[in-house]
Amino acid sequence: NFPLMKETDSLLVVYPRKNASSSLVEIGYGIALSKRMVVFHREGLPYILDEAASSIANIRTYPFSSFDEICPIIAKNGMALFEGGLDEKE
């Protein structure tokens, strides 16, 4: 929903495997709009997106092993995820 993405401040994406997906279009649109972005990835990211995370200040990427671990990380860290603060400890 591109009009809604224009209105939002932040974008959180779960990218479970390296493949062509509409989520890549959404990520690219978020980058173009300079949105704060968190991308959870399991199998790694496409090369250019992996590089973007280290060179664009508003993008954070976090690896994950199983979907069950993502919700507790989001609940514990909240919006601090978008600032680079990640506390995975229980």
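Good morning. In this structure, which is a predicted model, 3 strands make up an open sheet, ordered 1-2-3, with parallel pairing. From one strand to the next, the twist averages 15 degrees.

Let me turn to the pairing of strand 2 with strand 3. These two run parallel and are joined by 5 bridges. Within this region, Val-39 lies opposite Thr-61 of strand 3. Helix 2 packs on the sheet, where it touches strand 1, strand 2 and strand 3. The direction of helix 2 makes about 150 degrees with that of strand 1.

I now come to helix 3. Which residues of helix 3 are buried? They are Leu-49, Ala-52 and Ala-53. These residues lie on the same side of helix 3, because the arc they cover around the axis is only 100 degrees. The buried residues of helix 3 pack against helix 2 (22-32) and strand 3 (59-63). On the face turned away from that buried side, helix 3 carries the exposed residues Tyr-47, Ile-48, Ser-54 and Ser-55.

Finally, a word on confidence. The chain has an average pLDDT of 86, and 93% of the residues score at least 70. Among the elements of the chain, the highest mean pLDDT, 93, belongs to strand 2 (residues 36-41), and the lowest, 82, to helix 3 (residues 47-55). Thank you.

Conventions:
Residues are numbered from 1 along each chain as its sequence is written. This is a predicted model: local features need pLDDT of at least 70, side-chain atom pairs count only at pLDDT 80 or more; totals for chains, interfaces and linings use all residues. Side-chain values use heavy atoms; hydrogens and water are left out. pLDDT is the predictor's confidence in each residue, from 0 to 100. Helices (H or I, at least four residues) and strands (E, at least two) are DSSP runs, numbered from the N terminus. Buried means under 20% relative accessible area, exposed over 50%, partly exposed in between (1.4 Å probe, protein chains only). The arc is that of the directions from the helix axis to the C-beta atoms. Contact means heavy atoms within 4.5 Å. Two strands pair if DSSP finds at least two bridges between them. Axes are lines fitted to C-alpha atoms, for helices over the stretch in contact, and angles run from 0 to 180 degrees between N-to-C directions.
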